[in-house]
Amino acid sequence: MNHRVAEVTRRIVERSQATRSRYLQAVAASSRTTPRRQALGCANQAHGFAACGSHDKAALRQGDAGNIAIITAYNDMLSAHQPYERFPELIRAAAREAGGVAQVAGGVPAMCDGITQGETGMELSLFSRDVIALSAAVALSHQTFDAAVFLGICDKIVPGLVIGALSFGHLPAVFLPSGPMPSGFSNDERKILRQRYAEGKVSRAELLEAEAESYHSPGTCTFYGTANTNQMMMEIMGLHLPGSSFVNANTPLRDALTRAAVHRTLALTALSPEYTPIGAMLDERVFVNGLVGLLATGGSTNHTMHMIAMAAAAGIKLEWSDFAALAEVTPLLVRVYPNGKADVNHFHAAGGMGFLIRELLGAGLLHRDVKTIMGTGLDRYTQEPFLDDAGELTWREGVAVSGEAKILRPVAEPFETHGGLGVLQGNLGKAIVKTSAVADDRHVIEGVIRTFHSQEEMQGAFLAGELHRDLIVVVRFQGPRANGMPELHKLLPPLQAVQSHGFKVALVTDGRLSGASGDVLSAIHLTPEAADGGPIAKLRDGDRLRIDARTNELTALVDPAEWEARVPIHEDLSESQFGVGRELFSMFRNTVGTPDQGASIFSGRS
């Protein structure tokens, strides 16, 4: 085991001792009466199976058949979630084959950040994670289930489902991916078209055609944003079947993996000697494995918040310092857009998760002896699934040599010797930077700033030709307490366009950019946020600022005495300024924690 990985794990264990102990005691207490429905009153039980067919009703009535809760984020608007439409029947049939029953216990909301980008609906995005967690817990509250399967892919949805699952930590939990769509229009070429559209050099019709060719069918979007980082995370943390994360949607192999996952779920219940409650399974070592996977793949910056919130639900205290410490010893092994030109289908074909996990295990960067839904040990996750000549699902050892060194590399020949994310600190507070997407010669930028309080204000300045110079753009009052911390992707095409003309540009914000962040040096998730009186609210147009992703520095270069004397700017954040739906979320803004606390109401200010 790598010394740094072991040391970080030890620190997390020590830091979490009291909260983790209390959580495990609660899990143990809930585990004592299983299956729970046997403790229900007769009327309660009858309500639980009233709508079932005769076979399932008899099985539940007897009480000795495992009952799986299906928690689904299905809707047919999200391409990633549309394949879930037929999953419940597939799951029910597979459960019957294995002697069990499956019921749709409840649904959770699933919004698409790609649709809400730049719109008022994006203000609800981050908060939706906690709503999903609450919704999943409500679905499981009937206490008539022996295990749960979770159908979710995108952005806030999987982290919310994990938090909800951990709130019923005595139940085994298995996550079922739907798989990516086939490759379409190149993500890299689409980025260029977006820049040209921002400059008025291509028409809306041309851009729409390119976007439609990129997002063209059922399945997860193919770039390595938060959705696909979620899938990597669920596999490296042992909540997926080995090799299942990036098998294309609506294929025979995808269906076979779904059926096998249902069989495996029933094998994990308290009715089986392999009983594996998710609350005990997801320990400190598993979360460290997830962090290493995030860093080795240059994954979504959203997970610098989501991982903290997920871990907190299991009584585990992660800090941004853990990300920073692990980044120093975790090599960057993957280049998938926006960190490269390839997509996740190319990554999967080059060796995918099996190759990645084998390399990280071999270097001692992952804890090998963790619990997974396959049993004890992560070695099984170096294998890949396939259908044999008879159409039966089986596994074989994954490739030992990458199929494409431009996409996937061994530890001995990494793209970078450090992980794809960093934590910046200085007199502005703490922020996250995604270095894997930024060229080496742009890792340090010092310059004059221009401040804005919205994406629209910044875009107006760009269209007026005011940004075509060396410049650091500061966009503030975008944190969770201000307006829900929306993703600010409309900032990037203008900044990329300015950068393409040879200017040195960077971005500082207390908002988010997520996994789709581009090749502009960006200090994001800045905390304390402006709405909390953070130092970012002290900045004035014309100040100089330094961002150094090599030394992890974020500093306003203002005379210390003047800086100390400055009063933060106050922005009126009254309800009337927010879009549709914001009124419903006032409780979140009032109780939400800071980004380095997970930006969650469950670990916030209450």
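## Contacts around I71

Contact means heavy atoms within 4.5 Å. By that rule, I71 touches A105, G106, V108, A136, A139, L140, V149, F150, L151 and L161, with residues up to four places away in sequence not counted.

This is a predicted model: local features need pLDDT of at least 70, side-chain atom pairs count only at pLDDT 80 or more, and totals for chains, interfaces and linings use all residues. Residues are numbered from 1 along each chain as its sequence is written, and side-chain values use heavy atoms, with hydrogens and water left out.

## Two nonpolar cores

Start with two terms. Buried means under 20% relative accessible area, exposed means over 50%, and partly exposed lies in between (1.4 Å probe, protein chains only). A nonpolar core is a set of buried Ala, Val, Leu, Ile, Met, Phe, Trp, Tyr and Cys residues joined through side-chain atoms within 4.5 Å.

Which residues have the most contacts inside the largest nonpolar core? They are I71, L282 and F287, and the core has 133 residues. Helix α14 gives the largest share of this core, eight residues.

Helices (H or I, at least four residues) and strands (E, at least two) are DSSP runs, numbered from the N terminus.

## Helix α11 and its neighbours

Helix α11 covers residues 226-236. How many of its eleven residues are buried? The count is eleven of eleven. Among them are N228, Q231 and E235. The buried residues of α11 pack against α8 (157-167), β4 (173-175), α14, α15 (303-313), α17 and α18 (352-362). After α11 comes G238, with a positive phi near 80°.

Now take one partner, α14 (residues 284-297). Axes are lines fitted to C-alpha atoms, for helices over the stretch in contact, and angles run from 0 to 180 degrees between N-to-C directions. The axes of α11 and α14 come within 9 Å and cross at roughly 140°. Therefore α11 is oblique to α14. Here is the scale: angles under 35 degrees count as roughly parallel, over 145 as roughly antiparallel, 65 to 115 as roughly perpendicular and the rest as oblique. α11 passes α14 in a right-handed crossing. A crossing is right-handed if the near helix is turned clockwise from the far one by less than a right angle, and left-handed if anticlockwise.

On the α11 side, T229, M232, M233 and I236 make the contact. On the α14 side, N289, G290, G293, L294 and T297 do. The residues of this contact divide into four nonpolar, five polar and no charged. An α-helix has 3.6 residues a turn, so residues three or four places apart point the same way.

## Helices α16 and α1

Helix α16 is mostly covered, with six of its eight residues buried. These are W320, D322, F323, A325, L326 and A327. What covers them includes α1 (3-15), α14, α15, β9 (421-426), β10 (429-434) and β14.

How does α1 lie against α16? The two axes come within 9 Å and cross at roughly 170°. So α1 is roughly antiparallel to α16. α1 passes α16 in a right-handed crossing. The contact joins R4, V5, V8, R11, I12 and R15 of α1 to S321, D322, A325 and L326 of α16. Five of the contact residues are nonpolar, one is polar and four are charged.

## Helix α21

Helix α21 spans residues 492-500. Eight of its nine residues are buried. Among them are L492, P493 and P494. G502 follows α21 and has a positive phi, near 95°.

## Backbone details

The bond from Y337 to P338 is cis, with omega near 15°. P338 sits in the loop between α16 (320-327) and α17 (344-350). The bond joining T527 and P528 is cis too, with omega about 0°. P528 is in the loop between β14 (521-527) and β15 (544-548).

Next come two phi angles. F477 is not a glycine, yet its phi is positive, about 60°. F477 lies in the loop between β12 (471-475) and α20 (480-483). F477 is buried, at 4% relative accessible area. H525 also has a positive phi, near 60°, and is a residue other than glycine. H525 is in strand β14. Is H525 buried or exposed? H525 counts as buried, at 0% relative accessibility.

Note on methods:
Ala, Val, Leu, Ile, Met, Phe, Trp, Tyr, Cys and Pro count as nonpolar, Asp, Glu, Lys and Arg as charged, and the others, Gly among them, as polar.
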